[in-house]
Every structure is written in structure tokens, then in C-alpha cells.
Amino acid sequence: MSDPSAPDAQASRRSFLKLGTMAAVALPAAVSSLAACGPPAPAAAKASTPPKPAVPPKTARELADEMDAHHEAGVKAFPAPTSGKGCQVLAPTIVGGVKVFELTCRELQWETKPGIKVHAWAYNDQVPGPQIRVRQGDRVRVVLHNQLAESTSIHFHGLEVPNDQDGVPFITQPPVKPGESYTYEFTVPNSGSHMYHSHHNAAIQVGNGLLGAFIVEPRNRSNEPKADVDYVMILNDGAHGFTLNGKEFPATEPIKAKLGQTVRIRFMNEGMLIHPMHLHGMHMTVIAKDGWPQPAPWKCDTLNVAPGERWDVLVKATNPGTWAFHCHILPHAESKRGMFGMVTVLVVT
Amino acid sequence: MSDPSAPDAQASRRSFLKLGTMAAVALPAAVSSLAACGPPAPAAAKASTPPKPAVPPKTARELADEMDAHHEAGVKAFPAPTSGKGCQVLAPTIVGGVKVFELTCRELQWETKPGIKVHAWAYNDQVPGPQIRVRQGDRVRVVLHNQLAESTSIHFHGLEVPNDQDGVPFITQPPVKPGESYTYEFTVPNSGSHMYHSHHNAAIQVGNGLLGAFIVEPRNRSNEPKADVDYVMILNDGAHGFTLNGKEFPATEPIKAKLGQTVRIRFMNEGMLIHPMHLHGMHMTVIAKDGWPQPAPWKCDTLNVAPGERWDVLVKATNPGTWAFHCHILPHAESKRGMFGMVTVLVVT
Amino acid sequence: MSDPSAPDAQASRRSFLKLGTMAAVALPAAVSSLAACGPPAPAAAKASTPPKPAVPPKTARELADEMDAHHEAGVKAFPAPTSGKGCQVLAPTIVGGVKVFELTCRELQWETKPGIKVHAWAYNDQVPGPQIRVRQGDRVRVVLHNQLAESTSIHFHGLEVPNDQDGVPFITQPPVKPGESYTYEFTVPNSGSHMYHSHHNAAIQVGNGLLGAFIVEPRNRSNEPKADVDYVMILNDGAHGFTLNGKEFPATEPIKAKLGQTVRIRFMNEGMLIHPMHLHGMHMTVIAKDGWPQPAPWKCDTLNVAPGERWDVLVKATNPGTWAFHCHILPHAESKRGMFGMVTVLVVT
């Protein structure tokens with residue numbers, strides 16, 4: 001578990017809090033007794049155990065303070081440092097005018113929150129895999145190196161590539177065997193927020209982390225909305241827990257904007273469940289579905305994102321403060337010990 | 001269980017049926033043998049039990065009649081009286097031009113259908129909590145009195161309030177401890193169908209009943225659709241069962257309209273699951289999402305409502321009769337013993 | 001299990017593959033060792049068992065080949081022949097200007113994929129039941145013959161029929177007892193993609209197969225989109241597995257179009273779960289919800305279909321090839337042994 005009193009976390013917290021307008025909150029003294037709040041030691045069963053001295057039962061206030069201390073510790077730890085960061089933009093190498101991306105998949109341990117490591121299969125040691133950003137009409141080459149113990153493939157989810165680049169073993173290509181490489185190459189046909197992921201033994205392979213964002217800028221940028229911040233948020237559930245970009249709260253990443261700026265969020269769901277994402281304090285204007293512009297953009301504060309879907313929204317940062325931003329299936333976001341899972345914040349300064 | 005032959009239920013049923021155009025249905029004689037349809041008594045295990053006299057096995061028709069009698073009893077019991085009614089409009093007191101709402105949360109037993117009481121945490125002893133109705137631009141004060149054994153808070157879900165009124169412990173305020181009170185105050189910023197609920201230990205607290213509707217009329221009413229009936233329907237699941245406004249069928253409330261009237265329904269989901277609500281006999285025109293007008297209203301008869309979402313629809317009451325209105329995840333609405341859970345009717349007379 | 005080397009399956013595969021543009025794929029020799037890939041025999045526990053001769057452990061490549069052989073066998077078996085075909089268009093008899101449809105419901109065994117038979121309750125021995133296609137304004141009579149061991153009824157889901165034709169026992173009609181018949185008759189009021197299904201003990205009866213498509217052409221066809229292929233796809237889950245039109249991959253049916261043609265797909269969900277249907281290689285334009293035209297058609301490649309919903313989409317067949325088309329909740333579509341469940345393809349030649 002993260003220790004909020006550790007120097008690193010303290011420094012991180014302080015610098016984070018400076019970003020927001022969060023009111024100063026008096027901390028109950030109980031925070032310092034956090035270590036006392038773990039599960040009780042098992043009662044000794046031996047007959048020779050001397051009788052315990054009488055301890056007065058805890059008051060409701062004491063119990064509430066203990067629970068609240070857990071909640072506070074989670075918030076204070078945010079954004080908690082962990083090893084590994086997914087969804088980083090991958091710079092291509094340019095070979096004869098072709099943008100070349102190398103993706104190596106292999107197994108590793110992935111830290112989803114401080115001290116919690118899960119078994120993962122990753123592209124380039126990232127969960128989600130590195131973010132690919134290209135432009136409509138670009139010639140793109142993706143070279144897959146399979147260092148897993150089983151075969152794999154890549155499907156470019158949402159891209160209308162030629163059939164033999166579609167990545168479905170035995171329908172459009174042979175599987176890529178362990179130790180082998182495979183090259184995809186195509187001219188990027190359509191713009192928008194798309195994904196790439198394994199399409200072989202996919203319930204397991206995608207569930208374990210073989211997924212990433214594939215963002216395509218339109219050839220004609222004149223109809224693109226102006227956005228000061230462009231943020232990809234990949235939702236996931238399953239073996240790695242309830243994650244945003246591969247991390248659980250308090251290790252998720254805050255989204256930051258200045259007052260008056262426009263934030264574009266590209267939601268992508270690579271899990272098995274819906275996640276209705278709820279933003280506090282401001283609304284979202286939905287501008288695209290699966291990379292295709294919505295003909296009549298519409299507003300909401302809770303956007304239901306189903307597996308395989310992508311939704312692009314704009315948020316006008318009009319309301320200063322630190323705003324909770326989470327899945328509204330509450331058991332995906334909070335337990336008796338405080339917020340966890342699919343929770344982050346939008347900070348407007 | 002509700003006894004449909006009890007005088008109160010009979011009177012209730014008769015008055016209800018007068019509202020609809022339900023055809024007279026011949027009741028099978030088996031209804032009177034309903035009491036015989038309960039679970040069988042456990043077989044006695046003692047050796048001294050005398051052998052039972054031979055009983056001829058039941059025919060398919062007899063078994064069908066028995067099952068149908070359960071189904072009929074549920075329908076006839078509707079709307080079954082229960083103690084407690086949630087979602088009642090709460091009149092504010094006006095203090096210096098401010099609309100003041102007092103909300104006291106405490107534990108109680110809540111009757112979801114006749115004879116079935118669940119443990120609940122409630123605002124003002126109602127599940128859902130009392131309905132707050134104000135107008136955009138109103139100054140509103142909400143005073144929370146916490147009589148629970150743990151801390152709590154209120155989040156105004158969908159309202160773009162100032163950050164320090166957002167109700168998220170340790171991000172925007174300290175938790176409200178047992179026995180303490182806390183005051184929220186803000187000028188209502190945006191209109192539409194919104195909600196309020198706990199944002200502390202929320203998976204438990206909201207699941208147990210700490211939730212309610214917060215409806216805001218727009219400052220400028222000229223674009224509001226004309227509606228003769230304005231009905232809030234809060235969907236829930238979890239510890240209290242599959243409920244509409246805190247009640248399970250047959251204790252749910254019928255919605256009533258006269259032929260030609262327009263009914264506005266404000267769906268709100270405070271549960272953990274989607275609920276695709278299906279109306280028989282007429283369609284719904286979807287006019288708003290999360291309180292924001294849809295730019296291009298659209299029609300449907302089955303509206304998928306995800307946790308945290310609010311959808312406003314209009315129904316033109318053009319088709320006379322008593323129309324089933326239920327979640328179309330059928331195990332949320334019917335069992336072998338008849339309809340239950342998320343079922344009500346729209347009665348057009 | 002389907003044997004892909006059986007003559008029938010081979011012939012079927014060959015004729016199917018000719019439709020597509022699937023690249024020739026070299027088959028690993030391991031396919032012939034498919035029978036060796038079953039679960040291992042339990043280890044003998046007896047002390048007298050002689051020691052096994054040393055066998056070198058399998059290499060990663062050998063294990064991958066074995067897994068891939070399962071995946072390949074599923075694809076090669078597609079479309080696998082099974083007994084029974086649901087959703088066949090039912091020709092009415094015309095009696096005095098009335099289109100008369102006879103529906104007999106009874107129990108049977110239904111083959112969902114080669115060798116897998118499930119217990120089903122079916123209309124006219126089909127799962128889904130026969131497809132009814134009529135025109136707005138038609139006078140329609142549906143005669144239900146109940147050969148089940150329990151009562152039933154038919155609800156015309158989405159049709160705005162008079163109340164006494166709505167099919168809800170004890171609200172609009174008595175249940176139809178075992179061995180009895182019941183006649184529905186109405187003038188078809190509204191057009192679009194609708195459904196019919198049991199509304200009595202419906203979680204069980206619909207789950208077991210008592211459901212079908214009820215398609216209504218509009219009286220005025222001038223606003224209908226031109227479609228070269230008109231395909232109904234009924235999604236289901238539960239007791240019969242994850243099915244498309246009553247079949248699991250590889251026994252599902254490919255959708256076929258010529259390059260440049262327009263395919264209209266009418267999605268209908270009769271299950272208990274959402275199914276976000278993802279089409280590879282091309283996008284879908286959503287034109288109607290629950291039979292009602294969308295005022296502003298919108299594009300997507302992954303369409304979330306909730307229970308009770310119907311969505312009509314158009315696909316312009318612009319991209320030649322054999323394209324996977326599946327639910328993107330991956331555990332509904334693929335296991336370690338290959339694709340199964342809610343998977344089919346769109347073949348563009």
C-alpha cells in the first residue's frame with residue numbers, strides 16, 4: 001500500500017494540490033493512526049492465553065474517523081507514483097516516406113497502483129501500449145515482434161484498411177508465432193479515435209494488456225474542433241482491475257486545464273463491461289463516435305462507454321477546481337476503504 | 001406476501017382498474033387455491049412416519065393454472081399498498097430569499113413490496129430521498145444532518161456548482177461526521193433533471209438509499225415542452241432489489257394520463273446495472289440527456305439507461321389502456337411466480 | 001465438435017471461401033494432431049503404476065501450434081452446417097384480405113453448433129421463430145397454438161396495437177393454457193424493425209427461444225433507404241449460449257454483399273446483456289432506433305445493442321474481403337480454443 005507520509009508521495013501531493021483550488025481541509029488526528037486500521041489479528045485459540053485487559057468499544061465517531069482516514073489517505077496519495085506509464089506517444093521512424101512503428105509484445109509485471117503488480121502482456125512494455133498518432137493518408141508500417149509464448153496478431157480497430165491488413169488469424173493472415181515478426185503496412189484510410197489490439201486469443205491477450213490507441217488526424221483539419229488539451233482515456237476491467245490507462249486510483253493521472261481552455265477527451269473501452277464516465281462540475285459535448293463526427297453534437301455529464309466503443313468529447317474548462325471524474329458504476333470507483341479503480345480528476349486552474 | 005383477497009387490496013385494485021380500459025378477464029378457479037402453491041413442506045425423515053395416501057400427479061393444466069394464479073395474484077395486487085413513499089416533492093422554507101431544504105439521513109426499515117422490508121439508509125425517511133424542485137438562478141441551501149453511524153456527504157450530480165459545494169470528501173470538503181450537520185449553498189447554475197446522493201463510501205451509501213432527484217426548471221421556460229404529467233422514475237438495483245422509486249412490483253406506482261395528454265418521464269439510474277426501459281403501446285420521444293436538451297429529439301420504445309444517466313422523454317398518450325412499462329432485462333421484471341421488480345404501467349384513460 | 005476434415009464441412013468451406021478474398025494461408029502440420037489437444041487424462045494415483053517413459057516437454061512453438069490449430073479449425077468449419085434454421089420468412093395465408101400467420105410453440109432440441117444441442121421452446125420449430133414481414137396498414141391475424149406444458153402469450157414488441165392485442169396476461173388478456181389456441185388480430189399501426197415474443201413467464205420462455213422478428217415496411221416507401229441486402233440479426237445470450245439468430249460460431253451465417261451494394265442490418269437483442277456489435281473494415285450508418293428513423297443518422301463501427309432494443313444500420317460494401325463481425329465483449333466471441341459465440345462475417349466480393 002502507498003504510504004502517504006513517505007517523502008516522495010508528500011512532495012508529489014503538494015505539487016499536485018498546488019494545481020487545483022482545493023480548499024484547505026482540516027485533517028483529523030486519526031490519520032496518523034492509519035496503521036492501526038488494518039485487519040484485526042486472528043484471535044489466539046490456545047487455552048493458556050491470558051485474559052485480555054478490558055478495552056472500551058470504539059465509538060461511532062472513532063469508527064467513522066478510522067474509515068475516513070482510509071478515504072483521506074487515498075486522496076492524499078493521488079497522483080501516486082508507480083513504475084511504468086502506458087499510452088505514451090510513440091514517435092515513428094521515417095523510412096522512404098513511410099512512418100514505421102515497431103511494437104514488441106512480451107510478458108511483464110505491471111504496477112497498477114503503489115505496491116500492486118499484475119501479470120501483463122504488453123506492447124513495448126506499456127499498458128496500454130504506446131499511442132500511435134498519424135494523419136489520414138499517411139503510409140504506415142507497423143512491425144510486430146512477438147516475444148510471447150503464444151501466437152498473436154494486431155487488428156486495427158476502426159481503421160478501414162485493406163482486408164489482408166485486418167489482423168484476424170486464419171481469415172486475413174496466419175497467426176504470428178512466438179519469436180516471429182510480422183509487418184502490417186497500409187495508407188491510413190479514415191480519421192478519428194481508433195485502437196489497435198490483438199485479435200488472437202483476444203479475450204485473454206487484450207485482457208492482459210495487448211491494446212493501444214491509434215489516433216488519426218483528418219487530412220483536412222479545417223473541421224477539427226480547437227482543443228488545448230487532447231487526452232486519451234482507455235477504460236479497462238478484468239484481470240488488471242478497474243483501470244484508466246492501465247492504472248487504478250490513486251495512481252491514475254489527473255487531467256489538467258487552464259480556465260477557459262477546451263479539453264478533448266477520447267474515451268476508449270477495451271474491457272468487458274460498460275463504464276458510464278461521469279465528470280463533476282462541467283458537462284461534455286459529444287462530437288464523435290468511433291472516430292466519426294456526430295452530425296448533431298450533444299451534451300451530457302455521464303457518458304456510457306461500451307466495450308469496443310470510442311467517444312470523443314469536448315469539455316470547456318469553465319469551472320475552476322479539482323473535479324472528480326469517474327465511472328458511475330460505484331463499485332468500480334469506491335469501496336469502504338475509499339476511492340479506487342476508475343477514478344481521476346479534471347483540474348481547472 | 002400480499003393477499004389479493006384482503007379488503008384493502010381489493011378496494012385498491014377496483015379503484016385502479018377503473019382507471020384503465022383493461023378487458024374483463026375470467027379468473028380461473030385456481031386463484032382461490034393460491035395458498036396451496038407455496039413451497040412444499042420438507043419431507044419428514046423419521047422411520048415412524050405413516051405412508052402417505054396415493055395422490056394422482058397433477059396434470060399440465062393443473063400445474064399451469066397454479067403458475068398462472070401466482071402471476072394473476074401479482075397483477076391483481078397492483079398497486080399494492082406499502083408503508084413509506086419515496087421521491088415526494090419537498091417544499092423548501094424560504095429564509096431571506098433562499099430556498100432551504102433540510103435533509104436528515106438515518107437508518108430505517110424500508111418496505112419495497114408488501115411484507116418485504118429491507119435495511120435502508122434514507123434522507124428524511126424516504127427511498128429515494130425527497131424530490132427537490134427548484135428553478136435555475138434560485139439561491140438554494142441544503143442542510144444535511146447526519147444521523148448515520150458513519151460519515152457522509154452530498155454530491156449534486158449534474159449541477160455545475162462551485163467546487164467547494166461539490167460534496168467529495170477530502171477533495172472539496174471534509175466528511176460530515178456522525179451526529180454533525182453540514183450546509184451546502186449555491187445559486188442553481190443549470191437546468192434539467194439531476195440527482196443528489198452521497199459521495200462518501202458511496203457504493204454502500206447510495207446502494208442503501210442515500211439518493212434523490214434534483215429537478216431544475218430553466219430560467220427561460222419558453223423552450224420547455226408542454227407536459228400534462230411530469231414523472232420522475234428512479235431506477236435502482238442491488239441490496240434493495242430491482243426497484244422503481246424504491247418499490248418493487250406490485251408495489252410500484254402506476255403513471256396515469258388522459259387520452260391526448262403528454263407525459264414527461266425523467267429516468268434516472270442510481271444502480272450498478274443498465275436498465276433498458278420498455279414502454280408498451282406507445283413510443284417515447286427523447287428530449288434531454290443529463291438535463292441537456294438533445295439537439296435532434298429521437299423516438300424509441302426501449303431506452304437504455306446506464307448508472308448515473310438521466311434521460312427525459314415525452315410520451316403522447318394516444319393509445320387508451322393499461323400498458324406494461326418495465327426493464328427489458330427480463331430477469332429484472334419477471335420470474336416463474338409472475339412479474340416483480342422493475343415493472344409498472346402507464347394507464348391512458 | 002465439428003470435424004473440419006469431414007467431407008461436408010470441407011465442401012461448405014471451399015464454397016464459402018470462394019466468396020471472399022481471403023488470402024491463402026499455409027496450414028501448420030499441427031492441424032492433423034488436433035485430437036491430441038484435449039484435456040489431459042487424470043494422473044493415476046496408484047502406487048503400483050509403472051513410471052512413465054520420459055517425454056520431452058513441448059516447446060512454446062509446439063504449444064502455440066496446438067492452440068492455433070484449434071483456432072484454425074473453427075474458422076475452417078465456418079459456416080458449419082447444423083440442423084434447423086431460425087428466422088426464416090413466414091409466408092402468410094390470405095383469408096378475406098387478412099394476412100394470417102400460424103405460430104405453434106413447443107419444446108424441442110435445437111442445434112446451436114455442430115454437435116451441441118440445447119433444450120429449446122420454439123415457434124414453428126425455429127429459434128428465433130419465423131420472421132414475420134408485413135406492411136403498415138395490413139390487417140394481420142396471428143394464431144398462437146400452445147403445445148407447451150405451461151401457459152403463454154405473444155407480445156408484439158414495438159407495435160402500437162390496441163391494448164387488448166398487447167399480449168400481457170392478466171393485464172390485457174388471459175394466459176393461453178397448454179393445448180389451447182389464441183388469436184391476435186390488428187391493423188399494423190407503425191412501421192419498422194420490431195419483435196414478437198412471449199410475455200408470460202418471459203424470462204424463462206423468451207430465454208428458451210420464444211421470440212422472433214416482426215418487420216413492418218412503411219406504407220409510404222419513398223423515404224426508405226435503398227438496400228440490396230436486408231438482414232435481420234437477433235442477438236441472444238443465456239441458456240442457449242451467445243447466439244446470432246440462434247446459432248453460435250462457426251454455425252452462424254455469413255452476410256454476403258457485392259462490392260458497392262448497400263446492406264441493411266436490423267439488430268435486435270432478445271437477451272439479458274448488452275452486445276456491442278463491431279464490424280471490421282467498414283462503418284455502419286445508424287438510421288433507425290426501435291423502428292423509428294433517427295433524425296440525424298450517424299456513423300460507427302461498434303454499436304451497443306441493449307436488451308429489447310432494435311437498431312437499423314446501413315453498410316456500404318466498399319471494402320472487398322471477408323470481414324469479422326462480432327460482439328466486442330471478447331468473452332462472448334473468443335476463447336483459448338478460438339472464436340465461438342457471437343461471431344459472423346460480412347463477405348464483400
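Predicted model: local features only at pLDDT ≥ 70, side-chain atom pairs only at ≥ 80, totals over all residues.
**Entry 1**

I began with the area that chain C and chain B bury between them, about 3600 Å², and 62% of it is on carbon and sulfur atoms. Buried area here is the accessible area, taken with a 1.4 Å probe, that two parts lose on being put together, summed over both. The size of an interface is often given in this way, as the accessible area lost when the parts come together. For the contact (heavy atoms within 4.5 Å), I noted 45 residues from chain C and 43 residues from chain B.

Residues are numbered from 1 along each chain as its sequence is written, chains are lettered from A and ligands numbered from 1 in the order in which they are written, and side-chain values use heavy atoms, with hydrogens and water left out.

I looked up one with Asp301(B) and Arg310(C) as partners, and their closest N and O atoms are 2.7 Å apart.

Next I looked up residue pairs in polar contact between chain C and chain B, both at pLDDT 80 or more, and the count is 23. A polar contact is a pair of N or O atoms within 3.5 Å; within protein, one must be able to donate a hydrogen and the other to accept it, and residues adjacent in sequence count only if both atoms are side-chain atoms.

On the side of chain C that touches chain B, β6 (155-157), α3 (202-207) and β16 (292-300) each supply at least two residues. Of these, α3(C) gives the most, with 4 residues. Helices (H or I, at least four residues) and strands (E, at least two) are DSSP runs, numbered from the N terminus.

**Entry 1: the nonpolar core**

Which residues have the most contacts inside the largest nonpolar core? They are Phe267(A), Phe267(B) and Phe267(C), in a core of 96 residues. Such a core is a set of buried Ala, Val, Leu, Ile, Met, Phe, Trp, Tyr and Cys residues joined through side-chain atoms within 4.5 Å. Leaving aside its neighbours within four places in sequence, Phe267(B) touches residues including Met233(B), Leu303(B), Trp311(B) and Phe325(B).

**Entry 2: chain A and some backbone details**

I counted 3 helices and 22 strands in chain A.

I looked up two cis peptide bonds in chain A. One runs from Phe78(A) to Pro79(A), with omega near -10°, and Pro79(A) sits in the loop between α2 (60-77) and β1 (93-95). Another joins Val127(A) and Pro128(A), with omega about -10°; Pro128(A) is in the loop between β3 (116-123) and β4 (132-135).

Last, I checked Asp290(A): its phi is near 55°, a positive value in a residue other than glycine. Is Asp290(A) buried or exposed? Asp290(A) is buried, with a relative accessible area of 0%.

Notes. Salt bridge = Lys/Arg side-chain N within 4 Å of Asp/Glu carboxyl O. Buried < 20%, exposed > 50% of the residue type's maximum accessible area, 1.4 Å probe, protein only.
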